[in-house]
Amino acid sequence: MRTANISRSTPSNHRKTWRIWSGACFAVVLLAVFAQPLLALINYAAGSQLYSYILLVPFVSAYLLYLRRDRLPTKYGADLPLAIVSLAIGLGVFVLTYWLNIAGQASAENDRLALLTLSFLCCLMAGGFFLFGRAWMRAAAFPLAYLIFMVPMPDAMAEALETASKYASAEVANLLFHLSGTPFLRVGPVFQLPNITIEVAQECSGIRSSWVLFMTSILAANLFLKTRWRRIALVAFTIPLAILRNGFRILVIGLLCVNAGPQMIHSLIHRRGGPVFFMLSLIPFFLVLWWLRKGKVRSRQPQ
């Protein structure tokens with residue numbers, strides 16, 4: 001006679017299935033509670049030149065989590081202290097946002113969405129700590145932490161970064177104009193060239209492409225570099241690279257206006273040239289990434 005092997009589900013499998021289903025139900029409920037602010041965030045990001053990248057962040061985080069699926073613990077355990085702290089922060093920010101609105105002290109739309117998105121992420125972390133535990137959350141730390149880029153920058157932060165980038169780019173452009181031999185006079189962010197005067201305005205700060213480059217460097221550092229100093233070096237490299245790119249863009253536009261005519265200030269390379277210069281900045285970025293990664297491989301080779 002043949003004996004049939006009957007697989008029996010163990011209590012641990014039941015607990016695992018229960019937690020997965022509980023996590024799915026929690027996510028559905030959380031999305032329902034935050035449906036209005038999340039839809040508002042999607043519409044806001046879709047119509048914004050600065051924050052359009054927000055639409056991609058959840059997909060990037062989900063893909064990173066998928067890549068780490070084999071490293072995630074299969075044993076779950078609730079971490080109540082961290083879950084309570086995360087939930088308290090999330091609910092506190094949520095209540096504060098609507099209280100300010102009721103009290104007639106509502107923040108600007110950008111700041112309001114930033115607070116509500118931060119509240120959503122804190123509540124999401126609370127669910128993770130409660131359903132899956134500290135070990136699982138530690139293993140998924142980077143994909144979950146990357147979700148912070150869903151939060152729009154507060155207006156004060158964006159303005160400060162734009163101003164700093166504007167003046168730093170003007171300094172680089174000043175140096176590049178000197179190196180090019182172009183005669184010019186400069187007063188702050190204003191450059192008087194032979195047949196045109198150009199001003200490095202707030203819109204010329206390149207803050208969007210610089211921020212996206214910064215996000216890309218964090219992602220690439222985590223995926224391709226293993227040592228902390230190499231990761232820090234790659235991320236830090238994006239700051240001077242972004243400033244140099246903006247200064248180079250000002251130089252190119254200025255030289256086009258001098259040599260081809262002042263009408264070039266209205267050309268596509270000025271109004272729509274941001275992506276082109278962003279792609280150019282990726283060349284030195286990937287060269288530095290390759291160099292750092294190559295150094296890591298060499299250090300592993302036997303002496």
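The secondary structure of the chain comprises 12 helices and three strands, where helices (H or I, at least four residues) and strands (E, at least two) are DSSP runs numbered from the N terminus. The model is a predicted one, in which local features need pLDDT of at least 70 and side-chain atom pairs count only at pLDDT 80 or more, while totals for chains, interfaces and linings use all residues. Residues are numbered from 1 along each chain as its sequence is written, and side-chain values use heavy atoms, with hydrogens and water left out.

Of the 303 residues of the chain, 40% count as buried; buried means under 20% relative accessible area, exposed means over 50%, and partly exposed lies in between (1.4 Å probe, protein chains only). Among contacts (heavy atoms within 4.5 Å) between residues at least 6 apart in sequence, 75% join residues at least 24 apart.

The largest nonpolar core holds 51 residues, of which Y53, V57, Y146 and L234 touch the most other members; such a core is a set of buried Ala, Val, Leu, Ile, Met, Phe, Trp, Tyr and Cys residues joined through side-chain atoms within 4.5 Å. Among the elements that give two or more residues to this core are α2 (35-46), α5 (109-131), α10 (228-260) and α12 (274-300), and its largest share, nine residues, comes from α9. Leaving aside residues up to four places away in sequence, L234 touches S217, A220, A221, L225, F285, V288, L289 and L292. A second, separate core of 16 residues includes L176, F177, F184 and I196.

Helix α10 has 33 residues and, at 1.5 Å a residue, should span 48 Å, which agrees with the 47 Å between its end C-alpha atoms; the expected span is 1.5 Å times one less than the number of residues in the helix. Just after α10, G261 takes a positive phi of about 120 degrees.

On the surface, Y63, Y66, L67, L223 and F224 form a nonpolar patch with about 470 Å² of accessible area together. Patches are made of residues with over 30% relative accessible area and no salt bridge, like charges being joined within 9 Å and nonpolar side chains (Val, Leu, Ile, Met, Phe, Trp, Tyr) within 5 Å. Helix α3 gives the most to this patch, with three residues. Y66 is found in helix α3 and, at 47% relative accessibility, counts as partly exposed.

The structure holds three salt bridges, each defined by a side-chain nitrogen of Lys or Arg within 4 Å of a carboxyl oxygen of Asp or Glu. In one of them the side chains of D79 and R134 meet at 2.7 Å, N to O; D79 lies in the loop between α3 and α4 (80-102) and R134 in helix α6, so the pair ties together parts that are 55 residues apart in sequence. D79 is buried at 8% relative accessibility, whereas R134 is partly exposed at 43%. The side chains of E109 and R112 also meet in a salt bridge (3.5 Å, N to O), and both residues lie in helix α5, three residues apart, about one turn of the helix. E171 forms a salt bridge with R186, with the closest N and O atoms 3.0 Å apart; E171 lies in helix α8 (residues 155-180) and R186 in strand β1 (residues 185-187), so the pair ties together parts that are 15 residues apart in sequence.

Technical notes: Accessible areas come from the Shrake-Rupley method with a 1.4 Å probe; for residues, only the protein chains shown count as cover.
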